[in-house]
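Thanks for coming, everyone. I have one chain to walk through today. Please look at the screen, and we will start with a single pair of charges.

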Amino acid sequence: MKSGYKKIVLIVVLLWQVLLLAGCDYYVSEQPAQQAPVPFYNRDSRGRADTIGKLGTHSISIPAGVIDGWARYMGDPGDFADPKIKARYQRPPESYDLPIESFGFQYRITDGDVYTSFRQTQQDYRRDNETLIPYGKPFPWAGVIIYGEYDAATPLNFNFTVQDDFRVSKEISNIDYIQQPQPLYGLTVYRANNGIDPETGEPWKSDTLTKDRMIKKDQAGNIKTYIDCQFTQHINSCHHMFYNDDWHIRVWIGYSRTYLPQWQEMENNIIKILDSWRVSREGKLLGKQIGKA
């Protein structure tokens, strides 16, 4: 009798231990996953947090109120992606190592400043819109878009782009781009059929397919700057692209052709702006931010 009683007690104890172990496993499995540490954010005078990430080769902290729209990170669904894909997408936690694909801002050509909301430049931008554009006067602001370049196989030059653009012009529109004998502001210039419409023998009346094209090569002969400009409009505009090897980025700028003579100054100033936003991997600023409100 005693032997049977001891067996029953032993079985009960063993079952109790199994239940305890199972409970421990359940408790452990139910614990929330360890969350990524929240990074330090630099903030402006209104308490607004900067936009952070890694642009090309450098970690940056973009002052609040500067970005026109929002920053897109690598892997983010596109604007026209399937809404179901957007709903399921979960961006990795923000950090100073999260690669930025692109973002845009407004750059003031006349003094190298940037538009920032709740800062004097916001009022300046509105005033210029109201007092210059309606009267056909040159607008001193340039739209800027920065693209991080992360594919090591992609060359940081426009060699193929320029060659392909000239090829398409010839094959599709029967337009030859001819190099001009004199440079313009240090740029090599190409004009469609030397600026003459072959059907009329007169200067082009439309520049839809015949914009002036300009390039600048580095010492190795690679095209690092590529600009196309209108020439028949009341206010002609330019689309300007350049690569920067240090940052590993491509930059797009749009502005009035009036400011084309300052193309090199624009490139230098935009890199200075980006340099002012550089931070350590912990978020410590390496200089004074341009555009901080």
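Which residue forms a salt bridge with Asp50? Lys292 does, and the closest N and O atoms are 3.3 Å apart. A word of care before we go on: this is a predicted model.

Now look at where the two partners sit. Lys292 is in the segment after helix H5, which spans 263–276. Asp50 is in the loop between helix H1 (2–30) and strand E1 (51–55). The two are 242 residues apart, so this pair links distant parts of the chain. Buried or exposed: what is Asp50? Asp50 is buried, at 3% relative accessibility. Lys292 is partly exposed, at 25%.

Let me step back to the whole chain. There are 293 residues, and 40% of them count as buried. The chain has five helices and 13 strands. The accessible surface comes to about 17,600 Å². Carbon and sulfur atoms hold 55% of that surface. As for contacts with a separation of 6 or more, 59% come from residues 24 or more positions apart.

How confident is the predictor? Mean pLDDT is 89, and 88% of the residues reach 70 or more.

What is the strand order in the open sheet of nine strands? Reading across, it is E3-E4-E5-E13-E12-E11-E10-E7-E6, and the pairing is antiparallel. The edge strands are E3 (72–73) and E6, each pairing on one side only. Inside the sheet, E5 and E13 run antiparallel and are joined by six bridges. One detail there: Gly143 has Gly254 in E13 as its bridge partner.

On to the packing. How many residues are in the largest nonpolar core? The count is 38. Phe103, Phe105, Ile146 and Tyr255 have the most contacts inside that core. Several elements supply at least two core residues each, among them strand E4 (100–108), strand E5 (141–148), strand E13 (249–256) and H5. The largest share, six residues, comes from H5.

Take Phe105 as an example. Leaving aside neighbours within four places in sequence, Phe105 is in contact with residues including Val66, Val114, Val144, Ile146, Ile273 and Trp277. Gly143, the bridge partner of Gly254, is also in contact with Phe105.

How many salt bridges does a search of the whole structure find? It finds 20. Two more pairs are worth a look. Asp79 forms a salt bridge with Arg72, with the closest N and O atoms 2.6 Å apart. Arg72 is buried, with 14% relative accessible area. Asp79 is partly exposed, at 46%.

The other pair is Asp111 and Arg108, with the closest N and O atoms 3.0 Å apart. Arg108 is buried, at 11% relative accessible area. Asp111 is partly exposed, at 47%. This pair belongs to a network. Salt bridges with shared partners join Arg108, Asp111, Asp113, Arg119, Asp124, Arg127 and Asp128 into one group.

Last stop, the backbone. Tyr185 is not a glycine, yet its phi is positive, near 55°. Where is Tyr185 placed? Tyr185 is in the loop between strand E6 (177–179) and strand E7 (188–192). Tyr185 is partly exposed, at 43% relative accessibility. Asn194 also has a positive phi without being a glycine, at about 60°. Asn194 lies in the loop between E7 and strand E8 (196–197). Asn194 counts as partly exposed, with a relative accessible area of 39%.

To close, go back to the pair we opened with.

Methods. Residues numbered from 1 in each chain as written. Predicted model: local features only at pLDDT ≥ 70, side-chain atom pairs only at ≥ 80, totals over all residues. Heavy atoms only, no water. Helix = DSSP H or I, 4+ residues; strand = E, 2+ residues; numbered from the N terminus. Buried < 20%, exposed > 50% of the residue type's maximum accessible area, 1.4 Å probe, protein only. Salt bridge = Lys/Arg side-chain N within 4 Å of Asp/Glu carboxyl O. Core = buried A, V, L, I, M, F, W, Y, C linked by side-chain atoms within 4.5 Å. Contact = heavy atoms within 4.5 Å. pLDDT = per-residue confidence, 0-100. Areas by Shrake-Rupley, 256 points an atom, 1.4 Å probe, with all protein chains shown as cover. Pairing = 2+ DSSP bridges.
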